[in-house]
Amino acid sequence: MSKKNAPVSKNQQFDVEIFDLTYLGMGVAKIDDFPIFVANAVPGETVKIGITKVASSYAFARVIKVLVESDNRNNDVDADLVTTGIAPLANLKYPAQLKFKQQQIEALLKKQHLDIPVAETIGMENPFGYRNKAQVPVREIKGQLETGFYRRNSHNLVPIENYFIQDPEIDKAVNTVRDILRKYHVAAYDEVNHRGVVRTVMVRRGYYSHEMMIVIVTKSRKLPMQEVIVDEIRAALPEVKSIIQNINQEKTNVILGEKNVVLWGNKVIFDTLLGLKFAIGPNSFYQVNPQTTENLYTLAAQKAELSGDEVVIDAYSGIGTISLTIAPKVKQVYGVEIVPGAIDDAKRNADMNNIKNVKFTLGKAEEQMVKWAEADLKPDVIFVDPPRKGLTGELITAAVEMAPKKIVYISCNPATLTRDLEEFKQLGYEVKGSIQPVDQFPQTTHVESIAVLEKK
Ligand SMILES: C[S@@+](CC[C@H](N)C(=O)[O-])C[C@H]1O[C@@H](n2cnc3c(N)ncnc32)[C@H](O)[C@@H]1O
């Protein structure tokens with residue numbers, strides 16, 4: 001159907017029933033079989049919508065009025081948090097969010113013709129204010145430097161002060177840094193002309209340690225008024241242990257550049273996870289929800305049924321969180337990770353916790369796994385915790401060649417998880433029991449889960 005033949009046009013209004021929710025949390029309605037994706041609409045509702053954009057095979061719309069409201073709607077939330085990418089599921093009551101995540105995995109398994117049960121999502125008791133990290137874009141609006149979040153599918157910044165899912169102390173720090181930058185007339189980055197100074201403010205805060213790191217990402221090499229800015233941040237935020245300028249001169253959506261300049265304090269902050277101490281640098285991945293991460297790793301280790309004698313691979317090992325928390329339960333761990341700073345942190349973390357039976361290798365997991373298979377390494381258990389794009393075919397083949405008793409797959413993207421499970425199945429490894437979703441990212445559409453594979 002061409003756009004001309006679409007049964008709707010921009011600005012038209014309709015009363016529709018919402019019958020589904022996309023994986024991005026948009027309500028779905030149909031007009032003459034033509035799908036309409038409606039921001040901030042909940043399945044089961046009848047809503048009056050206004051069409052905002054028409055493409056050849058679908059259209060987008062906004063809610064003008066909710067005519068029949070779903071019991072699952074949470075009205076107790078600021079609409080900006082739903083329409084920006086911050087908390088797109090916050091318009092659903094929490095039990096409905098947990099169900100949505102379980103159903104996401106079930107639907108994707110069905111598409112792959114995989115008959116695997118999915119357990120109920122393990123949720124949080126208090127699913128707000130959990131994020132230990134913020135990365136907030138900085139832009140100029142009406143002549144003033146603002147921090148906030150982009151409206152969904154756009155680069156229009158919505159100024160925000162309460163981010164709802166971030167540690168409130170982090171929100172406070174972002175707003176404080178914003179005020180200090182304003183006070184000294186530091187220019188915000190202008191992405192159209194690729195001019196200006198500050199692109200992003202990143203804040204990390206240790207959940208247990210309360211140590212704070214402030215990273216000011218700049219387009220320019222120099223941060224004007226650097227000394228006074230540092231002094232004022234330290235005076236206003238006594239938890240700060242590290243102030244870093246990260247330089248990113250590229251025309252890119254990638255947030256951090258490679259060069260870090262320590263403006264004051266340490267290169268890293270420290271926090272504790274499952275009783276171990278971790279150093280966390282600005283460029284290293286560290287799970288953003290420390291409370292559920294402890295559950296996730298405990299569960300992953302339980303599911304691996306470790307007895308103490310195992311040789312284990314931890315592919316995509318980051319700063320060594322999985323490797324080091326399971327090391328005391330096994331004979332030897334081999335970790336592989338692509339980011340040099342994360343490998344440095346991982347080695348330091350092993351030393352700091354006096355853990356000797358872990359070896360970290362810098363490299364691509366897909367290449368290192370092939371090397372280990374060729375070297376005839378015979379791990380008993382392989383943990384994989386890849387980024388959203390999932391595993392490669394060569395990694396899956398190498399993992400199977402090493403013939404482990406178990407492969408524990410921790411996934412942050414059910415689409416690539418189910419794709420990879422299908423490939424493992426072809427090679428004789430199948431999921432034991434059910435897939436377990438764990439809600440690492442409440443109020444958002446992200447779905448984290450654990451699957452354990454065994455040779456059939
Ligand atoms: C989801 S994180 C998991 C990190 C760690 N397991 C944790 O829970 O803290 C994925 C990690 O994979 C790393 N990574 C991305 N692509 C990679 C690749 N091709 N080979 C190895 N590591 C990679 C990222 O830098 C990141 O640290």
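Two residues are in contact when heavy atoms of theirs lie within 4.5 Å. The structure shown here is a predicted model, in which local features need pLDDT of at least 70 and side-chain atom pairs count only at pLDDT 80 or more, while totals for chains, interfaces and linings use all residues. Residues are numbered from 1 along each chain as its sequence is written, and side-chain values use heavy atoms, with hydrogens and water left out.

The description starts with a sheet. Helices (H or I, at least four residues) and strands (E, at least two) are DSSP runs, numbered from the N terminus, and two strands pair if DSSP finds at least two bridges between them. Six strands make up an open sheet of mixed pairing, in the order β1-β5-β6-β4-β3-β2. Because β1 (13-17) and β2 (20-21) stand at the edges with a single partner strand each, one side of each has no neighbour in the sheet. Strands β5 (residues 46-54) and β6 (residues 59-68) run antiparallel and are joined by eight bridges. Ile-49 has Val-63 in β6 as its bridge partner.

The next topic is the nonpolar core, defined as a set of buried Ala, Val, Leu, Ile, Met, Phe, Trp, Tyr and Cys residues joined through side-chain atoms within 4.5 Å. Here buried means under 20% relative accessible area, exposed means over 50%, and partly exposed lies in between (1.4 Å probe, protein chains only). The largest nonpolar core has 45 residues, of which Val-198, Ile-214, Ile-229 and Ile-233 touch the most other members. Several elements each supply at least two residues of this core, including α2 (94-111), α3 (168-183), β10 (198-205) and β11 (212-218). Helix α3 gives the most, with six residues. A second, separate core of 41 residues includes Met-202, Met-213, Ile-244 and Ile-355.

Helix α5 (residues 290-303) has 14 residues and reaches 20 Å from its first C-alpha to its last, close to the 20 Å expected at 1.5 Å a residue; the expected span is 1.5 Å times one less than the number of residues. Among the buried residues of α5 are Leu-296, Tyr-297, Leu-299 and Ala-300. What covers the buried residues of α5 includes β14 (269-273), α6 (321-326) and β23 (448-455). Just after α5, Glu-305 takes a positive phi of about 50°.

Which residues does the UniProt annotation "binding site" cover? The unreviewed entry gives Gln-287, Tyr-316, Glu-337 and Asp-385; such annotations use the numbering of this text, have shortened feature names, and may be inferred rather than shown by experiment. Tyr-316 lies in the loop between β16 (311-315) and α6. Tyr-316 counts as buried because its relative accessible area is 17%. Leaving aside neighbours within four places in sequence, the contacts of Tyr-316 include Glu-337 and Asp-385. Glu-337 lies in strand β17 (residues 332-337) and is also buried, at 12% relative accessibility. Not counting residues up to four places away in sequence, Glu-337 touches Tyr-316, Ser-317 and Gly-318, among others. The side chain of Glu-337 reaches the backbone nitrogen of Val-339 at 2.9 Å.

For "active site", UniProt lists Cys-412 in an unreviewed entry. Cys-412 is placed in the loop between β20 and α10 (414-426), and at 17% relative accessibility Cys-412 counts as buried. Beyond four places in sequence, residues that Cys-412 touches include Pro-386, Pro-387 and Arg-388.

Methods: Polar contact = N/O pair within 3.5 Å; in protein donor to acceptor, adjacent residues only side chain to side chain.
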